[in-house]
Amino acid sequence: MISEQVYQPEADTYLLLAAVRDEIRGNERILEVGTGSGEIAFALQEMVSCTVIATDINPYAVKAARRRGIEVIRTDMCRGICSQFDIIICNPPYLPTQPEERIDDWLEYALDGGPDGLLFIRRFLAGISCNLAGDGKILLLISSLCGVKTCEELFTDTGFSFVMVAGEMIEGGESLFVYRLQPVIQSEK
Amino acid sequence: MKRELHDILCCPVCKGDLTLEVLEEDEREIITGSLTCAACNVVYPIEEGIPNLLPRNRDE
(Lines give C-alpha, C1' and ligand atoms only; values in the text may rest on other atoms or scores of the structure.)
Protein backbone atom coordinates (compact mmCIF):
# COMPACT_ATOMS: atom_id res chain seq x y z
CA MET A 1 0.00 0.00 0.00
CA ILE A 2 1.26 3.39 -0.93
CA SER A 3 1.10 5.93 1.84
CA GLU A 4 -1.61 8.58 1.83
CA GLN A 5 1.17 11.05 2.51
CA VAL A 6 2.47 10.70 -1.08
CA TYR A 7 1.14 12.54 -4.11
CA GLN A 8 -0.47 10.02 -6.42
CA PRO A 9 -0.39 10.33 -10.21
CA GLU A 10 -2.95 12.76 -11.58
CA ALA A 11 -3.65 14.45 -14.90
CA ASP A 12 -0.59 16.70 -14.43
CA THR A 13 1.66 13.67 -13.94
CA TYR A 14 0.54 12.06 -17.18
CA LEU A 15 0.69 15.29 -19.19
CA LEU A 16 4.27 15.85 -18.06
CA LEU A 17 5.23 12.23 -18.72
CA ALA A 18 3.89 12.41 -22.28
CA ALA A 19 5.81 15.64 -22.88
CA VAL A 20 9.01 14.15 -21.51
CA ARG A 21 8.66 11.11 -23.75
CA ASP A 22 8.49 13.41 -26.77
CA GLU A 23 11.71 15.16 -25.73
CA ILE A 24 13.86 12.13 -25.06
CA ARG A 25 16.26 11.00 -27.75
CA GLY A 26 18.00 8.31 -25.68
CA ASN A 27 21.04 8.19 -23.41
CA GLU A 28 20.22 11.42 -21.63
CA ARG A 29 20.95 11.95 -17.98
CA ILE A 30 17.60 12.76 -16.41
CA LEU A 31 16.79 14.21 -12.99
CA GLU A 32 13.28 14.37 -11.64
CA VAL A 33 12.84 16.90 -8.83
CA GLY A 34 9.96 16.01 -6.52
CA THR A 35 9.19 12.55 -7.83
CA GLY A 36 6.30 11.79 -5.44
CA SER A 37 5.13 8.23 -6.07
CA GLY A 38 7.84 7.92 -8.73
CA GLU A 39 5.40 7.46 -11.60
CA ILE A 40 7.36 9.47 -14.18
CA ALA A 41 10.84 8.29 -13.19
CA PHE A 42 9.59 4.70 -13.18
CA ALA A 43 8.07 4.99 -16.67
CA LEU A 44 11.24 6.59 -18.03
CA GLN A 45 13.63 4.03 -16.65
CA GLU A 46 11.46 1.22 -18.00
CA MET A 47 11.26 2.81 -21.41
CA VAL A 48 14.62 4.20 -22.33
CA SER A 49 18.31 3.71 -21.91
CA CYS A 50 18.58 6.96 -19.97
CA THR A 51 20.02 7.38 -16.50
CA VAL A 52 17.19 8.50 -14.24
CA ILE A 53 17.71 9.91 -10.77
CA ALA A 54 14.94 11.32 -8.62
CA THR A 55 14.63 13.46 -5.51
CA ASP A 56 11.92 14.25 -3.02
CA ILE A 57 11.84 15.94 0.37
CA ASN A 58 9.01 13.72 1.60
CA PRO A 59 10.22 10.60 3.49
CA TYR A 60 7.21 8.58 2.38
CA ALA A 61 7.66 9.59 -1.27
CA VAL A 62 11.32 8.52 -1.39
CA LYS A 63 10.39 5.14 0.09
CA ALA A 64 7.56 4.70 -2.42
CA ALA A 65 9.88 5.61 -5.30
CA ARG A 66 12.61 3.28 -4.07
CA ARG A 67 10.16 0.40 -3.87
CA ARG A 68 9.74 0.85 -7.62
CA GLY A 69 13.47 0.52 -8.16
CA ILE A 70 14.17 4.20 -8.68
CA GLU A 71 17.53 5.66 -7.60
CA VAL A 72 16.19 8.28 -5.22
CA ILE A 73 17.72 10.89 -2.93
CA ARG A 74 15.94 12.62 -0.09
CA THR A 75 16.83 16.27 -0.45
CA ASP A 76 15.33 19.69 -1.01
CA MET A 77 14.95 20.04 -4.80
CA CYS A 78 18.49 19.21 -5.97
CA ARG A 79 20.50 20.67 -3.11
CA GLY A 80 22.48 17.48 -2.41
CA ILE A 81 23.39 16.87 -6.05
CA CYS A 82 26.48 18.31 -7.70
CA SER A 83 26.33 16.81 -11.19
CA GLN A 84 24.67 18.10 -14.30
CA PHE A 85 21.78 16.67 -16.26
CA ASP A 86 20.53 16.83 -19.83
CA ILE A 87 16.89 16.93 -18.80
CA ILE A 88 15.45 18.07 -15.49
CA ILE A 89 11.78 17.29 -14.94
CA CYS A 90 9.55 18.86 -12.34
CA ASN A 91 5.86 18.74 -11.52
CA PRO A 92 6.02 21.31 -8.75
CA PRO A 93 3.60 22.15 -5.96
CA TYR A 94 1.58 24.97 -7.49
CA LEU A 95 -1.69 25.31 -5.59
CA PRO A 96 -2.08 28.85 -4.28
CA THR A 97 -2.32 28.30 -0.50
CA GLN A 98 -2.86 30.88 2.21
CA PRO A 99 -1.01 30.42 5.52
CA GLU A 100 -4.31 29.71 7.35
CA GLU A 101 -5.16 26.98 4.83
CA ARG A 102 -2.02 25.00 5.54
CA ILE A 103 -2.49 21.65 7.26
CA ASP A 104 1.19 20.82 7.76
CA ASP A 105 1.55 17.26 6.59
CA TRP A 106 3.92 15.69 4.07
CA LEU A 107 1.41 15.60 1.24
CA GLU A 108 1.15 19.35 1.52
CA TYR A 109 4.73 19.65 0.30
CA ALA A 110 3.52 18.20 -3.00
CA LEU A 111 0.70 20.72 -3.34
CA ASP A 112 1.36 23.98 -1.52
CA GLY A 113 2.75 26.66 -3.80
CA GLY A 114 2.49 29.46 -1.25
CA PRO A 115 0.05 32.40 -1.47
CA ASP A 116 0.48 32.90 -5.24
CA GLY A 117 1.29 29.29 -6.14
CA LEU A 118 4.76 30.25 -7.34
CA LEU A 119 6.85 29.89 -4.20
CA PHE A 120 8.41 26.55 -5.16
CA ILE A 121 8.76 27.43 -8.86
CA ARG A 122 10.67 30.63 -8.00
CA ARG A 123 13.10 28.75 -5.74
CA PHE A 124 13.44 25.97 -8.28
CA LEU A 125 14.32 28.29 -11.16
CA ALA A 126 16.69 30.35 -9.03
CA GLY A 127 18.83 27.36 -8.09
CA ILE A 128 18.58 24.93 -10.96
CA SER A 129 21.09 26.25 -13.49
CA CYS A 130 24.13 24.70 -11.81
CA ASN A 131 22.59 21.25 -12.34
CA LEU A 132 21.86 21.75 -16.05
CA ALA A 133 24.30 20.48 -18.65
CA GLY A 134 25.46 22.90 -21.36
CA ASP A 135 22.60 22.18 -23.72
CA GLY A 136 20.34 20.89 -20.97
CA LYS A 137 16.67 21.64 -20.69
CA ILE A 138 13.99 21.74 -18.04
CA LEU A 139 10.50 20.35 -18.51
CA LEU A 140 8.29 22.10 -16.00
CA LEU A 141 4.59 21.69 -15.44
CA ILE A 142 2.52 24.73 -14.51
CA SER A 143 -1.16 25.37 -13.95
CA SER A 144 -3.41 28.22 -14.99
CA LEU A 145 -4.01 28.56 -11.21
CA CYS A 146 -0.66 30.32 -10.86
CA GLY A 147 -1.15 32.44 -13.97
CA VAL A 148 0.38 31.54 -17.30
CA LYS A 149 1.50 35.08 -18.05
CA THR A 150 3.03 35.44 -14.59
CA CYS A 151 4.93 32.18 -15.06
CA GLU A 152 6.22 33.21 -18.47
CA GLU A 153 7.44 36.52 -17.01
CA LEU A 154 9.15 34.58 -14.25
CA PHE A 155 10.91 32.35 -16.79
CA THR A 156 12.24 35.40 -18.61
CA ASP A 157 13.24 37.17 -15.39
CA THR A 158 15.18 34.13 -14.18
CA GLY A 159 17.11 33.87 -17.46
CA PHE A 160 15.29 31.14 -19.36
CA SER A 161 13.88 30.97 -22.85
CA PHE A 162 10.67 29.00 -22.98
CA VAL A 163 8.42 27.02 -25.31
CA MET A 164 5.06 25.57 -24.36
CA VAL A 165 5.20 21.95 -25.47
CA ALA A 166 1.95 20.53 -24.09
CA GLY A 167 -1.35 21.70 -22.68
CA GLU A 168 -4.55 20.23 -21.39
CA MET A 169 -7.82 21.45 -19.92
CA ILE A 170 -8.90 19.64 -16.74
CA GLU A 171 -11.88 19.89 -14.39
CA GLY A 172 -13.04 23.18 -13.01
CA GLY A 173 -11.71 25.31 -15.85
CA GLU A 174 -8.09 24.73 -14.83
CA SER A 175 -5.52 24.26 -17.57
CA LEU A 176 -2.19 22.50 -17.30
CA PHE A 177 0.84 23.28 -19.40
CA VAL A 178 4.30 21.86 -19.86
CA TYR A 179 7.09 24.28 -20.68
CA ARG A 180 10.52 23.51 -22.01
CA LEU A 181 13.01 25.94 -20.51
CA GLN A 182 16.59 26.55 -21.52
CA PRO A 183 19.03 29.07 -20.09
CA VAL A 184 19.46 32.11 -22.32
CA ILE A 185 23.08 32.16 -23.46
CA GLN A 186 24.59 35.57 -22.99
CA SER A 187 26.18 36.28 -26.37
CA GLU A 188 29.18 38.55 -26.61
CA LYS A 189 28.82 41.51 -28.91
CA MET B 1 21.78 3.65 -3.49
CA LYS B 2 24.32 2.40 -5.96
CA ARG B 3 27.98 3.14 -5.20
CA GLU B 4 28.28 5.27 -8.34
CA LEU B 5 25.66 7.65 -6.97
CA HIS B 6 28.24 8.85 -4.44
CA ASP B 7 30.06 10.66 -7.26
CA ILE B 8 27.18 13.03 -7.90
CA LEU B 9 26.20 13.77 -4.31
CA CYS B 10 27.37 16.80 -2.36
CA CYS B 11 26.73 18.49 0.94
CA PRO B 12 23.39 20.32 0.62
CA VAL B 13 24.76 23.20 2.68
CA CYS B 14 28.30 23.89 1.41
CA LYS B 15 28.16 21.81 -1.80
CA GLY B 16 31.42 20.16 -0.74
CA ASP B 17 32.45 16.54 -1.25
CA LEU B 18 31.07 13.82 0.98
CA THR B 19 32.97 10.85 2.38
CA LEU B 20 31.11 7.57 2.01
CA GLU B 21 31.01 4.97 4.74
CA VAL B 22 29.21 1.71 4.06
CA LEU B 23 27.71 -0.33 6.91
CA GLU B 24 25.50 -2.69 4.93
CA GLU B 25 25.60 -3.54 1.25
CA ASP B 26 24.10 -6.23 -0.97
CA GLU B 27 25.20 -7.31 -4.43
CA ARG B 28 23.45 -4.33 -6.02
CA GLU B 29 23.74 -1.39 -3.73
CA ILE B 30 24.41 0.26 -0.41
CA ILE B 31 21.60 -0.25 2.10
CA THR B 32 22.95 1.45 5.22
CA GLY B 33 25.79 3.87 5.70
CA SER B 34 26.64 7.51 5.90
CA LEU B 35 27.92 10.46 3.93
CA THR B 36 30.09 12.88 5.89
CA CYS B 37 30.85 16.48 5.05
CA ALA B 38 34.18 17.21 6.72
CA ALA B 39 33.89 20.95 6.09
CA CYS B 40 30.54 21.24 7.89
CA ASN B 41 31.29 18.40 10.32
CA VAL B 42 27.91 16.85 9.52
CA VAL B 43 26.96 13.22 8.89
CA TYR B 44 24.14 12.46 6.49
CA PRO B 45 22.64 8.99 6.90
CA ILE B 46 21.91 6.37 4.25
CA GLU B 47 19.00 4.27 5.46
CA GLU B 48 16.98 1.64 3.62
CA GLY B 49 19.05 2.44 0.54
CA ILE B 50 18.13 6.12 0.50
CA PRO B 51 20.67 8.89 1.18
CA ASN B 52 19.14 11.65 3.30
CA LEU B 53 20.70 14.94 2.28
CA LEU B 54 18.48 17.28 4.20
CA PRO B 55 20.40 19.84 6.25
CA ARG B 56 20.68 18.59 9.82
CA ASN B 57 20.48 20.42 13.08
CA ARG B 58 23.69 20.23 15.05
CA ASP B 59 22.01 18.50 18.00
CA GLU B 60 20.46 15.74 15.86
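Is N27(A) buried or exposed? N27(A) is exposed, with a relative accessible area of 62%; here buried means under 20% relative accessible area, exposed over 50%, and partly exposed in between, with a 1.4 Å probe and protein chains only.

The structure is a predicted model, in which local features need pLDDT of at least 70 and side-chain atom pairs count only at pLDDT 80 or more, while totals for chains, interfaces and linings use all residues. Residues are numbered from 1 along each chain as its sequence is written, chains are lettered from A and ligands numbered from 1 in the order in which they are written, and side-chain values use heavy atoms, with hydrogens and water left out.

## The two chains

Chain A contains 6 helices and 7 strands, where helices (H or I, at least four residues) and strands (E, at least two) are DSSP runs numbered from the N terminus. Their order along the sequence is α-β-α-β-α-β-β-α-α-β-α-β-β. Chain A has a radius of gyration of 16 Å, close to the 16 Å that the globule rule gives for 189 residues, so it is as compact as a globular protein of that length. The radius is taken over C-alpha atoms, and the rule is 2.2 Å times the number of residues to the power 0.38.

Chain B has 0 helices and 4 strands, in the order β-β-β-β from the N terminus on. For chain B the radius of gyration is 11 Å, close to the 10 Å that the globule rule gives for 60 residues, so this chain too is as compact as a globular protein of its length.

The table lists further values for each chain. Contact means heavy atoms within 4.5 Å.

| Property | Chain A | Chain B |
|---|---|---|
| Span of the C-alpha trace along the principal axes | chain A: about 55 × 35 × 30 Å | chain B: about 35 × 20 × 15 Å |
| Residues that count as buried | chain A: 50% of 189 residues | chain B: 43% of 60 residues |
| Contacts joining residues at least 24 apart, among those between residues at least 6 apart in sequence | chain A: 63% | chain B: 30% |

As for charge, Lys and Arg count as positive and Asp and Glu as negative, whereas His and the chain ends are not counted. Each charge is placed at NZ of Lys, CZ of Arg, CG of Asp or CD of Glu. In chain A, the mean positions of the 16 positive and 28 negative charges are 6 Å apart. In chain B, the centres of the 6 positive and 13 negative side chains also lie 6 Å apart.

Helix α5 of chain A covers residues 119-127, and its residues F120(A), I121(A), F124(A) and L125(A) are buried. They span an arc of only 125° around the axis, which puts them on the same side of α5(A); the arc is that of the directions from the helix axis to the C-beta atoms. An α-helix has 3.6 residues a turn, so residues three or four places apart point the same way. The buried residues of α5(A) pack against β1 (29-33), β4 (85-90), β5 (132-143), α6 (148-157), β6 (160-169) and β7 (175-183) of chain A.

P92(A) lies in the loop between β4 and α4 (106-111) of chain A and is buried, at 2% relative accessibility. Leaving aside residues up to four places away in sequence, P92(A) touches A110(A), F120(A), I121(A), L140(A) and L141(A).

## Positive phi values in chain A

N27(A), in the loop between α1 (11-23) and β1 of chain A, has a phi near 70°, a positive value in a residue other than glycine. M77(A) is also a residue other than glycine with a positive phi, near 55°. M77(A) sits in the loop between β3 (71-74) and β4 of chain A. At 9% relative accessibility, M77(A) counts as buried, whereas N27(A) is exposed.

## C37 of chain B

C37(B) belongs to strand β2 (residues 30-37) of chain B and is buried, with a relative accessible area of 1%. Its contacts, not counting residues up to four places away in sequence, are C11(B), C14(B), D17(B), L18(B), V42(B) and Y44(B). C37(B) and C14(B) are 23 residues apart along the chain, and their C-alpha atoms are separated by 8.6 Å.
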